[in-house]
Amino acid sequence: MPVSVDTYEGGNAMVAADVNADYTAIAAETAILDDENTRTEWCSREHISQAGNATFNLNFSQVEDSDTTQVINSTVFTQVNLVPAFRITYSGLVLQPGEVLRCHFDINVIAATILDPAATARFLANDASDCYQFRFFFRNFVSGVEAGFGPTATYSTTNKGVVNPPQTLEIVDRIGQRCSLHNCFLNATAAAISFDWIEVRARVCDTTYLSAISIKDGTFQVFRALH
C-alpha cells in the first residue's frame, strides 16, 4: 500500500500544518506496510525473488521429451507425445478473473513427407497446403469441455520468394525447423476458469501435399504467479 503524503511543486510554500500531517500519515501507515504496492510501478525484485517471503508463489510446470520421434500425419489436431506426452495435469487449477497464465512450447521438426514437390503455383498464391500447425488445448475441470486457447503457430515447409516485388529465389522444400508457440492467456471473463489439464497439439494442413512431419526434442512449460 502507498503512504499518503502531500506533493509540492516548484514555487509552492510548505506550511507547518501540511508537513505535520505528512509526518502523522507516515507514522501511522508505515506501521502496516508490506511488500505490495498499488502504484503503477509496483513490480520490483521483491515480487519475483524466491528468497525469503516472496510476494508471489510460483506455480511452474515443465515437460521435456526423451529422444523419441513422433510422426504427425493428420489434419486434426493431435496431442504431441514424445514420451512423455506434452500434457500438464492440474485437476482443478483455478485462474481467477484478471489472472494470467503463460504457456511456452518449442520443438524440432526434423523431417517432412512431401507428396507433390512440383506443385508450386498454389504456394505463390499463399496457399496453406504446405503448412503445419501447433496449438495449446485445455479441458475445463468443471464442465469437461475441451477447447483450444491462445494463438495457432503456423509453419511452412517451402522456402519461396515474395510475389510483389517478384524474386527469382528457387522454390525448395525446407524440412528442418525449430518451431515455437507462446500464449499469455488473460482470464478476461467475470468468472474463474478451472483447468483440468493443458496440452500441446499439432497437425498438418493438407495431407494431399504434406502427408506428415516428424518432430523431436521439445519443451513445454506453463507458468502462473499466485499472489
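A residue is called buried when its relative accessible area is under 20%, exposed when over 50%, and partly exposed in between (1.4 Å probe, protein chains only). This is a predicted model, in which local features need pLDDT of at least 70 and side-chain atom pairs count only at pLDDT 80 or more, while totals for chains, interfaces and linings use all residues. Residues are numbered from 1 along each chain as its sequence is written, and side-chain values use heavy atoms, with hydrogens and water left out.

Select cysteine 205, which is partly exposed at 22% relative accessibility. With a disulfide taken as a pair of cysteine sulfur atoms within 2.5 Å, the sulfur of cysteine 205 is too far for a bond, because the closest cysteine sulfur, in cysteine 131, is 5.4 Å away. The count of disulfides is 0. Cysteine 179, by contrast, is buried, at 1% relative accessible area.

Next, select tyrosine 132, whose contacts (heavy atoms within 4.5 Å), leaving aside residues up to four places away in sequence, include Cys179, Cys205, Leu210 and Ile213.

Then move to glutamine 70, in strand 2 (residues 70–72), where strands are DSSP runs of E, at least two residues long, numbered from the N terminus. Is glutamine 70 buried or exposed? Glutamine 70 counts as buried, at 12% relative accessibility. A polar atom of its side chain lies 3.0 Å from the backbone oxygen of glutamine 79, and the side chain of glutamine 70 also reaches the backbone nitrogen of asparagine 81 at 2.6 Å.

Conventions. Helices (H or I, at least four residues) and strands (E, at least two) are DSSP runs, numbered from the N terminus. A polar contact is a pair of N or O atoms within 3.5 Å; within protein, one must be able to donate a hydrogen and the other to accept it, and residues adjacent in sequence count only if both atoms are side-chain atoms.
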